[in-house]
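Reader: I am new to this structure and would like to learn how to read it. Please take me through it feature by feature.

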Amino acid sequence: MIPTGIPIKELFRSFSSHLGKDIRVNGWVRTRRDSKAGISFVELNDGSCLKNLQVIISHDNPSLVEMLPIITTGAGISAFGTLKKSPAKGQPIELEAKEITIYGTADPVSYPLQKKRHSFEFLRQIAHLRPRTNTIGAVTRVRNRLSYTIHRFFQERGFYYIHTPIITTSDCEGAGEVFRVVAEHMEEEFFGRPTYLTVSGQLQAEIFALALGKVYTFGPTFRAENSNTRRHLAEFWMIEPEVAFADIEDNLKLAEEMLRQIVQDVLDNCDEDLQFFARFIDPNLIGRLEMIIKKPFEVITYTEAVKILEESGEQFDYPARWGCDLQAEHERYLTEKKFKRPVAVIDYPRTLKPFYMKVNDDEQTVAAMDVLVPEVGEIVGGSEREYRYDVLVEQMKQKNMNLEDYQWYLDLRRFGSVPHAGFGLGFERLVQFVTGVQNIREAIPFPRTPGHALF
Ligand code: ATP
Ligand code: MN
């Protein structure tokens with residue numbers, strides 16, 4: 001067995017219980033500095049936290065001195081020694097090395113991650129090494145915490161986690177931005193009919209909501225949208241709760257509680273990483289996160305939103321007009337300039353939204369809700385679902401859909417149909433919002449965008 005190390009995070013959290021004792025730490029060398037005073041300083045990082053542990057190598061120890069030339073940036077090592085109080089400023093502890101094992105060296109000439117700031121564009125090209133940077137390491141830890149707290153949020157409220165299919169036969173959104181699934185070296189359809197990578201688990205989640213009451217999905221979704229923006233990926237993760245006996249107001253309340261609680265959890269548990277983002281990525285980050293917690297969402301109708309945009313006096317690239325989709329610039333104006341808080345826009349024109357949204361009494365709009373937040377824009381998209389059989393059929397006909405393909409979906413309205421509602425939270429947009437990274441490509445370990453898929 002490989003000797004285990006104490007996570008560096010653990011050491012910083014409870015160092016008093018380790019002081020004076022011999023301990024082991026495993027990690028990767030960030031830097032090494034040799035002083036004239038006969039000591040070398042190695043900054044060791046193990047990914048458990050942002051902080052490095054300083055390992056002191058005394059030049060009095062010949063076996064360690066011999067290794068110094070290969071203890072270079074990027075090397076994977078194990079350091080064993082005594083944990084001491086550090087005399088240096090800014091760090092409470094350091095490790096005085098007695099033994100070092102070098103598992104893997106990293107040639108200083110060819111190792112791409114030297115100690116300087118690299119651009120995110122460059123780091124994306126070495127996506128196999130970028131998790132070793134401060135930023136991507138911190139994003140990864142925050143992303144992990146967010147996944148955990150989202151599951152906890154729903155589990156504590158009695159929601160059941162449903163695994164909806166990744167290969168589907170329906171193009172749920174009707175936007176046609178789907179990837180086809182075909183078997184290589186096979187003429188005919190593998191599944192006997194055309195299949196796609198899912199764009200959303202919603203329709204299948206509805207099946208289970210109308211049986212178990214409260215369900216959610218948390219899985220990958222795929223969209224062949226050929227738009228190279230800073231907030232679109234071809235493969236992204238979505239959280240989709242679906243609740244029976246619920247309407248649009250219940251839906252809004254759930255989205256608001258969810259966002260508030262998960263942001264609070266990250267503030268409570270990822271302080272070091274968030275402080276790092278606030279310092280190096282986005283100085284307004286903490287204020288923005290606190291705003292989510294303190295300020296109730298502004299709820300406005302689409303019609304009101306368009307009016308506000310028309311009367312704003314702003315020069316938009318695409319002027320807002322009733323019947324047109326809200327653009328990113330509109331979303332940002334509403335949250336960042338007009339209301340300075342999250343904004344839920346409800347009641348969109350039915351022509352803009354998919355067939356399954358509940359038609360409002362005005363017959364012009366549907367009970368949709370998009371939650372917009374500063375910096376990112378739309379983070380949540382959802383609706384109350386059309387549960388009246390006749391109205392749903394009417395909607396599907398208007399959208400030229402093939403009713404045969406959706407017999408099962410219509411069945412849900414023929415047998416025990418009840419009001420129900422749900423939404424999709426774009427997980428990477430949430431990560432973007434919580435970390436402040438400008439580009440969504442930094443919010444996911446392996447970004448897939450038009451022209452780019454590594455590994
Ligand atoms: P947008 O208008 O921003 O393209 P959308 O209206 O297509 O979003 P929905 O179909 O409502 O979005 O999807 C639900 C959520 O999934 C969105 O609110 C957003 O957070 C996220 N999302 C949608 N498309 C993408 C994408 N291509 N990459 C990452 N997240 C996405
Ligand atoms: Mn989209």
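**Reading the model**

Author: Start with one residue: Asp-370 is buried, with a relative accessible area of 4%. Keep in mind that this is a predicted model, and that a residue counts as buried under 20% relative accessible area.

Reader: With which residue does Asp-370 form a salt bridge?

Author: A salt bridge pairs a side-chain nitrogen of Lys or Arg with a carboxyl oxygen of Asp or Glu within 4 Å. Here the partner of Asp-370 is Lys-353, and their closest N and O atoms are 3.3 Å apart.

Reader: How many residues apart are Arg-260 and Glu-256 in helix H6?

Author: They are 4 residues apart in helix H6 (residues 248-269), which means that about one helical turn separates them. Arg-260 and Glu-256 form a salt bridge, with 2.7 Å between the closest N and O atoms. Arg-260 counts as partly exposed at 25% relative accessibility, whereas Glu-256 is buried at 16%.

Reader: Now the ligand. Which residues come nearest to ligand 1?

Author: The shell around a ligand is read from the residues with a heavy atom within 4 Å of it. There are 16 residues around ligand 1, and Arg-223, Glu-225, His-232, Leu-233 and Glu-378 come nearest. By class, the shell divides into 6 nonpolar, 4 polar and 6 charged residues.

Reader: Which strands each supply at least two residues of that shell?

Author: They are strand E11 (235-244), strand E15 (377-384) and strand E16 (420-426). E15 gives the most, with 4 residues.

Reader: What lies 2.7 Å from an N or O atom in the side chain of Glu-378?

Author: An oxygen atom of ligand 1 does. An oxygen atom of the ligand is also 3.0 Å from a polar side-chain atom of Arg-429. The backbone takes part as well: a polar backbone atom of Gly-381 is 3.5 Å from an oxygen atom of ligand 1. As for cover, ligand 1 has 580 Å² of accessible area on its own, and the protein covers 85% of that.

Reader: Why is helix H13 described as largely enclosed by the rest of the structure?

Author: To judge a helix, look at the burial of its residues. In H13 (residues 427-435), 9 of the 9 residues are buried, so the helix is largely enclosed by the rest of the structure. Among them are Phe-427, Arg-429, Leu-430 and Phe-433. Just after H13, Gly-436 takes a positive phi of about 85°.

Reader: How many disulfides does the structure hold?

Author: A disulfide needs two cysteine sulfur atoms within 2.5 Å. The structure holds 0 disulfides. For Cys-270, the closest cysteine sulfur is in Cys-49 at 12 Å, too far for a bond. Cys-270 is buried, with 6% relative accessible area, while Cys-324 counts as partly exposed at 27%.

Reader: Last, the whole chain. How many helices and strands does the chain have?

Author: Its secondary structure comes to 13 helices and 18 strands. The C-alpha trace spans about 85 × 55 × 40 Å along its principal axes. Of the 455 residues of the chain, 51% count as buried.

Methods: Residues are numbered from 1 along each chain as its sequence is written. Chains are lettered from A and ligands numbered from 1 in the order in which they are written. This is a predicted model: local features need pLDDT of at least 70, side-chain atom pairs count only at pLDDT 80 or more; totals for chains, interfaces and linings use all residues. Side-chain values use heavy atoms; hydrogens and water are left out. Buried means under 20% relative accessible area, exposed over 50%, partly exposed in between (1.4 Å probe, protein chains only). A polar contact is a pair of N or O atoms within 3.5 Å; within protein, one must be able to donate a hydrogen and the other to accept it, and residues adjacent in sequence count only if both atoms are side-chain atoms. Accessible areas come from the Shrake-Rupley method with a 1.4 Å probe; for residues, only the protein chains shown count as cover. Ala, Val, Leu, Ile, Met, Phe, Trp, Tyr, Cys and Pro count as nonpolar, Asp, Glu, Lys and Arg as charged, and the others, Gly among them, as polar.
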